[in-house]
Amino acid sequence: MKSVQHIYTLIKKDLLLEVRQQYSFYGILLYIMATIFVLYMTIQEPETKVWNGLFWVIQLFICINAVAKSFLQETRGRMLYFYSIVNPRDFVLAKLVFNSVLMLLMSFLSLFLFSLFLGNPIKKLPQFIGLVLLGGWSLSLVFTFLSAIAAKAQQNAAIMAILGFPIIIPQLMLLMQLANTVFSDKTAIAASTLLLIVMLDVLVIMLAVILFPFLWKE
Amino acid sequence: MHKSWWKILAVVLLVYTFIAGILIEVPRNPQLQETIRNLFFHVCMWFGMMILFIISFVQAITYLRTGKHIHDIASRQYAGVGILFGLLGYITGAIWMSYTWIDSNKSFYDSFDSIAREPKLIGAAIALLIYAAYLVLRDSITDMDKKARISAVYNIFAFAMLFPSIWIIPRLLPSLHPGGSEGNPALDFKDASMNMRLVFYPAIAGWTLIGVWIATLKIRLKLINEQRLMQ
């Protein structure tokens, strides 16, 4: 019960930081808009396959930008302060929850802008929204943990891409394969693949909870 | 002659692999013909790579549990030799591929994009990219303890994600490799003739042992280097 309270307080702290330093939030919004606008300038109405591929690659880059700062923004002194008052598990769980919510919001927004600018080939919208949210969640989990590693290594977001891309490939492939089914009325979404993605997410959460205490020690 | 029996065994097994692998009777598969002998080299590289990566993963866990520096060095060196085996696996695979899978009307370069979507190639590429990133991450940190701890965490995280991917990707793509979705073809007892298995299994053991040998030599070299730095 106490740890739930801790997690809640930590999430509230991240939220407050986000509200007070709005430049980073608007920065991501601007990033999404600018990227999609550039895509719109280069290709107006892509085929469904291209649409799908571009959409997920853009999601990937949005996620790196949105999630990267979660650990990178914490200064050494502040980390030391957290170290003395909270359990590392609570800390990493709070970050995971906060980044998941942030990424869900961003995925939703980028889906809206994508279908607005680049045409809307989606036949089954509710399913696709569900998939986008699931995908955004999966991406945010993996990159939150990698952001912790990058922050500890005192590196920038570039190393997150190097560390994360090979790990995220299978999840992206699964998501794209599922997403390909929403462009026609015939094929249905495979429940087993969906379950697989959820299982991978659970695996990432478990690994983060187990491994973060080791990163955290200084 | 400290614990040298397995080194002798490795040499004997590899000499056997080279001699018997080239001389024994092999089944005449119309598509493979004599190239089937590459099984003793190409497939063994992947076995060796996976075993070396598993050792690296176990050493990373041991490092986090005990905090002994030697396990960190071991984890790094086993990963390095694993990458070497992976590259050799790609090279032997490319040679094999150029006799069997290549569209004979096109050049190697033109037909590459259709072959690169092969699930086993992607799985191996993911593994190699992960361990290359591991090396980059290591080199980017200067503090020794920090380097060891952070890279051990990444090693464990990435390895734990690697195995599900290797199981998942073959489900997503059609494969040219034998076996495909029906489990591991190398351990299938119905496949491959009796003759070939007599060479194949010793070959796996031989190549893996030589990989471990290279890694232990590199670990010892690294230890000597660090001791010299201390003085």
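A residue is called buried when its relative accessible area is under 20%, exposed when that area is over 50%, and partly exposed in between, with a 1.4 Å probe and protein chains only. By this criterion, 48% of the 231 residues of chain B count as buried. The structure is a predicted model, in which local features need pLDDT of at least 70 and side-chain atom pairs count only at pLDDT 80 or more, while totals for chains, interfaces and linings use all residues. Residues are numbered from 1 along each chain as its sequence is written, chains are lettered from A and ligands numbered from 1 in the order in which they are written, and side-chain values use heavy atoms, with hydrogens and water left out.

Chain B contains seven helices and zero strands, where helices (H or I, at least four residues) and strands (E, at least two) are DSSP runs numbered from the N terminus. Contacts are defined by heavy atoms within 4.5 Å, and among those in chain B between residues at least 6 apart in sequence, 77% join residues at least 24 apart. Chain B exposes about 12,300 Å², of which carbon and sulfur atoms supply 67%; accessible areas come from the Shrake-Rupley method with a 1.4 Å probe, and for residues only the protein chains shown count as cover.

The contact between the two chains takes 31 residues from chain A and 26 residues from chain B. About 2,700 Å² is buried between them, 81% of it given by carbon and sulfur atoms, buried area being the accessible area (1.4 Å probe) that two parts lose on being put together, summed over both. Of the area that chain B buries against chain A, 25% is supplied by B:F157, B:M161 and B:L172, more than by any other three residues. Between chain B and chain A there are zero salt bridges, a salt bridge being a side-chain nitrogen of Lys or Arg within 4 Å of a carboxyl oxygen of Asp or Glu. On the side of chain B that touches chain A, helices α5 (119–140) and α6 (144–172) each supply at least two residues, and α6(B) gives the most, with 16 residues.

Over all chains, four salt bridges are found. In chain A, the side chains of A:D14 and A:K13 meet in a salt bridge at 2.9 Å, N to O, and those of A:K95 and A:D14 meet in another at 3.5 Å. The pair of A:K95, in helix α5 of chain A, and A:D14, in helix α1 (residues 2–20), links distant parts of the chain, 81 residues apart. A:K95 is buried, with a relative accessible area of 2%, and A:D14 counts as buried at 4%. In chain B, the closest N and O atoms of the salt bridge between B:R138 and B:D72 are 3.0 Å apart; B:R138 lies in helix α5 and B:D72 in helix α3 of chain B, so the pair ties together parts that are 66 residues apart in sequence.

Two further buried residues were examined. A:S100, placed in helix α5 (residues 88–117) of chain A, has 7% relative accessibility and, leaving aside neighbours within four places in sequence, is in contact with A:W137, A:S140 and A:L141. B:T92, found in helix α3 (residues 69–100) of chain B, counts as buried at 16% relative accessibility. Not counting residues up to four places away in sequence, B:T92 touches B:N38, B:H42 and B:M45.
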